[in-house]
Amino acid sequence: MWFRRARPRARSTSHLFATYAAASLVPVLALGALVFRDYHQDAAEQGRAQGLAQAGVITQMVIAPALNSGGSPSLAGADLSRRGLTAEQDARMREATGLAVYNGSVQHLRLRGFTGRVIFSDDGSTSSGVPTTDPDFQAAVNGESRARVITGRTTTIRVMQPMFANATGQSVGVVEVYLPYQEIAARLEQQINQTFWRIGAGLAALYLVLALLAWVTTRSLHRYAAAQRYDAQHDALTGLPNRGAFRGWAEERVRQAARDGGRGAVVLVDLNRFKEVNDTLGHHAGDELLREVAARFRERLGPRDILGRLGGDEFALLLPGRDADEAVAFLSGVRDRLTEEIVLDGVSLNIEASFGIALYPEHGHDLQELKRRADVAMYQGKRGTVDIVVYSGEGQTHQWLVVQAELRHALERDELVLHYQPKVGVADGDVRGLEALVRWRHPERGMVPPGDFLPAAEHSGLIVPLTEWVLRRALADQVGWTAAGQPWAVSVNVSARNLEVPGFPALVADLLAETGTPPGRLMLEVTETALAGDAGTVERTIGELAALGVGISVDDFGAGYTSLSHLRGLPATEIKIDRAFVMDVAHDPQSRAIVRSVIELAHGLGSRVTAEGVETPEVYRWLIEAGCDEAQGYLIGRPVPWPQVAPEFVVPDVEGVSR
């Protein structure tokens with residue numbers, strides 16, 4: 001599946017290793033060549049040194065004794081080129097050198113004067129051989145010994161060495177000796193071969209070490225690079241592809257489908273009430289929930305499906321090859337798996353989610369457009385009763401954008417007005433308070449009912465400034481009817497967004513102070529759905545409002561998601577029973593049972609009960625018998641501007657009902 005981590009490719013690892021190995025081989029070979037070149041030079045120098053030593057031995061042990069023995073004239077102070085050798089000296093020289101030549105220790109020997117004249121030659125020749133301009137000859141004349149390897153038919157070592165007189169140590173001539181190089185070369189070759197194998201083995205071992213290090217380093221670098229690529233493309237918490245990776249892979253699939261005539265679905269998924277888990281059980285529980293959701297998604301994915309986490313509690317799916325019915329059927333299975341119970345920190349939970357589907361090519365060929373339309377479908381599901389919604393157009397969304405823009409202008413231009421609906425005591429019919437209901441006097445469409453613009457305001461965040469406007473105007477109107485002698489309280493509806501905005505209790509306190517209204521004459525009606533939102537923040541805000549002395553009313557009770565645990569800690573002054581239960585109490589036993597139970601529950605919690613949607617005398621009569629405290633509905637009065645409240649709100653005569 002696409003969400004799994006891809007294994008590193010062996011080919012790329014081998015290629016990188018080969019590069020490192022080749023790069024390591026170059027310096028090893030260069031080092032070997034340099035070492036062998038230097039050793040060959042050292043070997044040649046060693047051969048010349050051996051030649052010099054051997055020639056020195058011949059001069060001292062063979063030539064000098066032959067020239068200085070017996071009664072021969074001394075060599076001291078005489079240049080051999082001037083005086084030459086006596087017959088006796090020549091004979092002894094031939095005898096001594098002949099043995100050396102015969103034994104092979106010397107190939108050829110000459111004794112020359114400073115002028116180059118050959119004084120003695122083992123073969124009797126008088127040719128000068130090496131010219132006097134030769135650097136080696138000149139060095140020997142000046143008292144320095146020189147050796148040189150001469151190559152030809154045979155390789156020899158030629159040594160030019162000064163001949164010193166024994167008595168004075170003064171140079172009297174030059175000894176020119178040619179020594180066989182084969183033995184020296186053989187010894188040097190043996191040494192070179194031994195050294196070659198030793199150095200070669202050392203360099204081979206060095207290269208193997210370098211190659212091993214290169215292999216280990218290459219694998220480590222490749223694994224590190226692969227891990228970095230994986231981390232850059234995947235969500236650290238769930239291991240799913242992140243937003244960027246999902247976009248890249250999904251765009252490729254959508255483009256391929258456009259080329260090949262394929263089809264598929266883009267799905268956006270948002271978990272419902274995830275924030276409650278974080279706020280109630282802690283972020284660690286929220287993280288565990290996300291991991292469990294990802295695991296349950298994985299169980300249902302096919303081999304071509306792509307799943308990614310876009311961030312927070314939002315996921316995305318690409319379902320190639322599926323039409324609308326197939327996508328809905330697949331997501332129904334996913335939903336059923338998600339809704340199975342999960343236990344976090346000992347608390348059993350059921351996960352719910354909203355799914356928005358956009359199809360390609362029906363709804364577009366561009367991934368961003370498909371995601372936008374899937375988002376529209378998902379939020380349509382959140383506002384409705386169906387949790388899996390296929391995109392079906394943006395008429396409502398477009399209309400909402402228009403409404404939101406016009407509503408901003410309406411707040412600036414004071415186009416909004418308040419109408420008030422009375423709440424009366426059931427037993428006596430006296431007006432106890434008025435509920436403020438906002439209306440929009442549109443310059444073109446006339447009076448716009450709240451159902452046409454409040455959902456758009458709630459969705460966009462305009463509900464915050466709108467609620468502030470309603471509060472400010474309602475408290476100002478209350479000042480008006482109080483001055484007219486009517487001590488009615490005023491009720492204002494607030495949304496979950498208002499309760500989650502920091503500083504809302506301070507705003508209410510400031511408005512009460514501005515108008516001089518006692519806090520007890522302001523009732524804030526909170527919908528049951530709002531109580532199921534950000535529980536911690538909502539409870540703190542309601543607690544601060546109650547501490548001011550403001551009344552808290554739970555509106556539309558029974559139609560939302562309030563649990564008894566919410567009511568237990570809620571400082572509710574009033575509980576309003578939803579009209580869906582009240583309207584049927586005259587003929588529906590179940591509705592009567594529910595309403596009676598709510599009345600008893602509210603009284604047990606110290607709250608008064610108001611029944612909404614009272615439209616018939618029969619319902620009114622039953623509420624009196626059931627012990628309901630207050631009633632509100634069209635039977636009592638429709639919403640009107642507050643100056644019309646007093647004369648219009650007359651409770652009709654109902655048989656059996658005391659006024």
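Reader: So are α8 and α9 parallel, perpendicular or oblique to each other?
Author: They are oblique to each other. That word covers what is left once angles under 35 degrees count as roughly parallel, over 145 as roughly antiparallel and 65 to 115 as roughly perpendicular. This is a predicted model, where local features need pLDDT of at least 70, side-chain atom pairs count only at pLDDT 80 or more, and totals for chains, interfaces and linings use all residues. Residues are numbered from 1 along each chain as its sequence is written, and side-chain values use heavy atoms, with hydrogens and water left out.

Reader: At what angle do the axes of α8 and α9 cross?
Author: At roughly 140°, and the axes come within 10 Å. Axes are lines fitted to C-alpha atoms, for helices over the stretch in contact, with angles from 0 to 180 degrees between N-to-C directions. Helices here are DSSP runs (H or I, at least four residues), as are strands (E, at least two), numbered from the N terminus.

Reader: Which residues of α8 and α9 make the contact?
Author: On the α8 side, Glu292, Val293, Arg296, Phe297, Glu299 and Arg300; on the α9 side, Phe330, Gly333, Val334, Arg337 and Leu338. Contact means heavy atoms within 4.5 Å.

Reader: Switching to α7: which of its residues are buried?
Author: Phe274, Val277, Asn278 and Leu281. Buried means under 20% relative accessible area, exposed over 50%, and partly exposed in between (1.4 Å probe, protein chains only).

Reader: And where do they fall, seen down the axis of α7?
Author: Within an arc of 105°, so they line one face of the helix. The arc is taken from the directions from the helix axis to the C-beta atoms.

Reader: What do the buried residues of α7 pack against?
Author: Against β6, α8, β9 and β10. Just after α7 comes Gly282, with a positive phi of about 105°.

Reader: Which residue other than glycine has a positive phi near 55°?
Author: That's Asp556, which lies in strand β18 and is partly exposed, at 26% relative accessible area. Asp414 is not a glycine either, and its phi is positive at about 60°. You'll find Asp414 in the loop between α11 and β13. For background, most residues other than glycine have a negative phi, and most peptide bonds are trans.

Reader: Last one: is the peptide bond from Tyr360 to Pro361 cis or trans?
Author: It's cis, with omega near 15°. Pro361 is in the loop between β11 and α10.
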